[in-house]
Amino acid sequence: MKRLLIFFLLSALFLSSCAAADPPAKETDPPGSDPAASDTLPETSGTTKDTEKPTETDDPGTDETAPETGAETEPETEPATEPVKETEPAPETDPPIPDDEPTWTVGFGSREIAIPEKTDEPLYIAGYHQGWEIAGVSDLQRANAVWLDGGEGGILMIGIDCVGLSSDVVNEIRSRLSDLVKESGCVSVNVYATHTHAGIDTLGLWGPTGIDGKNKDFMENLKAAAAEAAKEAYENRAAGRLYCGSVDTGDLQKDSRNPKCFDPNLYQLRFQPKEEGNGVRLFFYAAHAESMRGDNKLVSRDYPGVLIDTVEEKTGDKGIFFPGAIGGLIMTEAQIPEPFSGDDAVKNRDLTGKRLAEYALSINNETVVAPSAAVSTVKFEVPLDNIVFQYYKFLGILGSEIKGGDPNGEYYMVSELSVVKIGKLAIGLLPCELTPELALGGSALKKSDPEPLNGIAAEAGFEKLLLVGLCNDEMGYVIPPSQFLLNPDAPYIDRIKDETGEDHYEETNSVGPEIANAIAEAFRKAIGA
Amino acid sequence: MKKDKIRRLAFAVGTALLLTAFAVLSACFLLRHLGGLIRLLPVGEDAKELLAPIFDQLITAKIAPKCVIPFLLLLLPSLLFWFCLPKGKTRPFVFVLYLILCLVFLLLAFLFTVLFSKVNGVRLFDVLRSLLRLISNGLLDRM
């Protein structure tokens with residue numbers, strides 16, 4: 001009897017533990033591969049918007065936009081996956097691409113930029129202090145290139161891990177690719193900087209005063225690496241599907257200047273090849289690549305390098321990073337207490353990059369982007385008010401194009417702005433560091449300020465605008481005219497604080513007060529509004 | 001009479017060529033050493049550091065040969081004057097005066113060329129105008 005009771009007791013315990021176990025997982029849509037979601041991206045004005053559940057259809061590739069993501073509120077939909085943990089590999093969940101589906105042609109190339117071993121000129125670290133030579137290398141700067149062809153001709157995007165590139169260097173790289181352009185039918189070659197503040201000086205502004213900080217041998221290596229990466233991207237091209245997604249990165253960024261306004265989203269264009277092979281991910285994020293901060297003397301790609309490496313390690317996908325509207329001044333929050341000492345700079349960079357990689361891998365609202373990509377380019381000129389820029393141009397250090405100097409003494413900086421049009425998605429390629437409110441709009445802008453770029457894009461019929469700064473030139477910061485303030489005694493040399501105590505540093509590295517209007521006008525022409 | 005005119009013409013042309021060569025060499029010398037002379041100016045070290053590279057750049061930009069053109073334009077009228085001058089005791093006196101005028105023209109041509117020629121698209125006059133205003137205010141601690 002006793003044995004029977006024990007038996008029943010144990011059986012009851014066993015059965016009750018079975019009943020308490022989780023039910024088998026339901027089959028859900030694979031994360032990040034929801035074809036033809038019909039929702040559109042929100043206006044990125046920094047205001048909160050609710051996330052809508054993606055809808056399913058059977059027709060892939062008809063919608064080019066990703067569903068909304070809330071800027072500051074929790075999404076109402078249940079996330080498809082949890083953020084990928086370090087120990088878990090990313091699940092391979094992309095649906096196969098049918099033979100009759102129109103496809104993109106995308107290729108990726110990458111080269112390290114070698115630091116010359118024997119060189120007559122010093123190697124200065126760019127971003128913070130003049131005359132600081134590099135003390136070592138944490139990770140080498142790279143040239144990454146992506147070939148994008150939606151059927152209207154290939155568009156090359158070449159990203160250089162450096163602080164910035166003047167138009168003369170961009171044009172030299174383009175001239176090295178002239179044969180490739182002829183052979184391939186490439187319609188546009190664009191070269192931009194990731195703006196790492198841990199790279200060797202490529203603008204010439206971080207040598208001793210009045211001395212060109214660029215190293216000729218390093219610049220030659222840079223141009224060669226850019227051209228080789230571009231050629232590799234063309235040779236490696238493959239057919240496949242492109243997805244667009246985004247995720248709110250929460251408190252990862254900060255705005256060091258009022259008004260506090262920035263886009264908190266990480267955007268991703270992800271390429272899935274039709275045949276077996278590695279994908280390609282294009283990351284768009286608005287934060288200065290200066291997580292290693294100002295005392296660092298080690299060469300590094302900063303957090304974009306860690307982001308790309310981490311995602312590649314987890315998924316096998318190659319990555320390329322595009323800086324967004326980072327003026328005014330948007331940077332990443334420190335992940336460890338400041339000030340840094342010892343190897344804190346490297347630690348902070350790694351933590352920042354890994355955190356951003358987690359966000360990237362958690363994107364669960366992707367929609368398919370129909371193959372179509374056209375480029376419009378507009379040349380424009382801006383009055384060059386900055387006497388420091390004039391001085392560096394006279395000395396042959398600043399490589400941007402300048403015209404004027406007639407009897408009235410007015411000079412103009414000449415540059416270019418492009419817009420890549422991918423269905424209802426537009427990508428603005430800006431030769432500057434734009435203050436985010438000039439793109440997002442909002443109460444920060446006054447009557448004297450130009451219409452925000454998001455509004456201009458909407459007028460032209462686009463549902464989403466992504467921005468790439470420091471592209472094809474570097475004109476410095478673009479500040480709204482209503483906020484532009486110079487030190488009257490030493491304009492563009494000494495900064496000034498306004499009556500609220502706000503430091504107007506960015507004006508000292510700006511072409512002048514009229515650049516914001518010039519950029520908006522050029523953008524309007526390029527996007528066709 | 002004809003021989004005298006030919007002799008005077010040859011003398012005038014020869015003098016002009018010598019003075020042109022002198023102009024170019026003087027301009028090169030001045031530019032090369034002006035950067036050093038800057039250091040003697042009664043301005044702060046930061047100001048000197050800013051001004052010195054400007055004159056290095058003028059040498060690099062090969063400004064000196066450009067001084068020749070305005071110099072020659074100023075020289076031509078004086079050549080005609082010399083050529084038309086009749087024989088007489090005043091001629092040596094006039095020749096000395098002529099040399100002095102040439103040197104003045106040389107200096108003016110040099111200054112004009114250096115200040116108003118564009119180097120990398122920017123005129124030195126515009127750069128100096130901005131910098132000197134700041135130097136006079138004593139506001140060039142950093143740049």
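In this predicted model, 20 residues of chain B are in contact with 20 residues of chain A. On chain B, the side that touches chain A draws at least two residues from each of helix H2 (45–60), strand S1 (118–119), strand S2 (122–123) and helix H5 (124–136). By class, that side of chain B comprises ten nonpolar, five polar and five charged residues.

**Contact between the chains**

- A:Gly396 touches B:Gln57 and B:Asn120, leaving aside residues up to four places away in sequence.
- A:Gly396 has 17 other C-beta atoms within 10 Å and is therefore partly exposed, since a residue counts as buried at 20 or more and as exposed at 12 or fewer.
- Although A:Gly396 and A:Gly204 are 192 residues apart in sequence, their C-alpha atoms are 9.4 Å apart in space.
- H7(A) also packs against H5(B), at an angle of about 135° and with the axes 10 Å apart. This angle makes H7(A) oblique to H5(B), and the crossing of the two helices is left-handed.
- In this packing, A:Ile387, A:Gln390, A:Tyr391 and A:Phe394 of H7(A) meet B:Leu124, B:Asp126, B:Val127 and B:Ser130 of H5(B). The contact of H7(A) with H5(B) has five nonpolar, two polar and one charged residues.

**Chain B**

- Chain B has five helices and two strands, and from the N terminus on its elements run α-α-α-α-β-β-α.
- Of the 143 residues in chain B, 25% are buried.
- Among contacts in chain B between residues at least 6 apart in sequence, 76% join residues at least 24 apart.

**Helix packing within chain A**

- Helix H5 (residues 303–315) of chain A packs on helix H6 (residues 344–361) of chain A at an angle of about 50°, with the axes 8 Å apart. H5(A) is therefore oblique to H6(A), and H5(A) passes H6(A) in a right-handed crossing.
- H5(A) contributes A:Tyr303, A:Gly305, A:Val306, A:Leu307, A:Thr310, A:Val311 and A:Lys314 to the contact, while H6(A) contributes A:Arg349, A:Asp350, A:Thr352, A:Gly353, A:Lys354, A:Leu356, A:Ala357, A:Ala360 and A:Leu361. The contact of H5(A) with H6(A) has eight nonpolar, four polar and four charged residues.
- Helix H2 (residues 167–176) and helix H4 (residues 216–235) of chain A cross at roughly 45°, and their axes come within 9 Å. This makes H2(A) oblique to H4(A), and H2(A) passes H4(A) in a right-handed crossing.
- A:Val169, A:Glu172, A:Ile173 and A:Arg176 of H2(A) meet A:Lys223, A:Ala226 and A:Ala227 of H4(A). The contact of H2(A) with H4(A) is made up of four nonpolar, no polar and three charged residues.

- Five bridges join strand S16 (residues 411–422) of chain A to S17(A), and the two strands run antiparallel. In this pairing, the bridge partner of A:Val419 is A:Gly428 in S17(A).
- S16(A) and S17(A) form a hairpin with two residues between them, and A:Gly423 in the turn has a positive phi of about 60°.
- Strand S17 (residues 425–429) of chain A also pairs with S19(A), in the parallel sense and over five bridges. A:Leu425 stands opposite A:Lys464 in S19(A).
- Because five of the five residues of S17(A) are buried, this strand is largely enclosed by the rest of the structure. A:Leu425, A:Ile427 and A:Leu429 point one way from S17(A), whereas A:Ala426 and A:Gly428 point the other way.
- Strand S19 (residues 464–468) of chain A is likewise largely enclosed by the rest of the structure, because five of its five residues are buried. Both faces of S19(A) are covered, with A:Lys464, A:Leu466 and A:Val468 buried on one side and A:Leu465 and A:Leu467 buried on the other.
- In a regular strand the side chains alternate between the two faces of the sheet.

Terms used. Residues numbered from 1 in each chain as written. Chains lettered and ligands numbered in written order. Predicted model: local features only at pLDDT ≥ 70, side-chain atom pairs only at ≥ 80, totals over all residues. Contact = placed C-beta atoms within 7 Å. Helix = DSSP H or I, 4+ residues; strand = E, 2+ residues; numbered from the N terminus. Nonpolar A, V, L, I, M, F, W, Y, C, P; charged D, E, K, R; others polar. Axes fitted to C-alpha atoms, helices over the stretch in contact; angles between N-to-C directions. Parallel < 35°, antiparallel > 145°, perpendicular 65-115°, else oblique. Left-handed = near helix turned anticlockwise from the far one by under 90°. Pairing = 2+ DSSP bridges.
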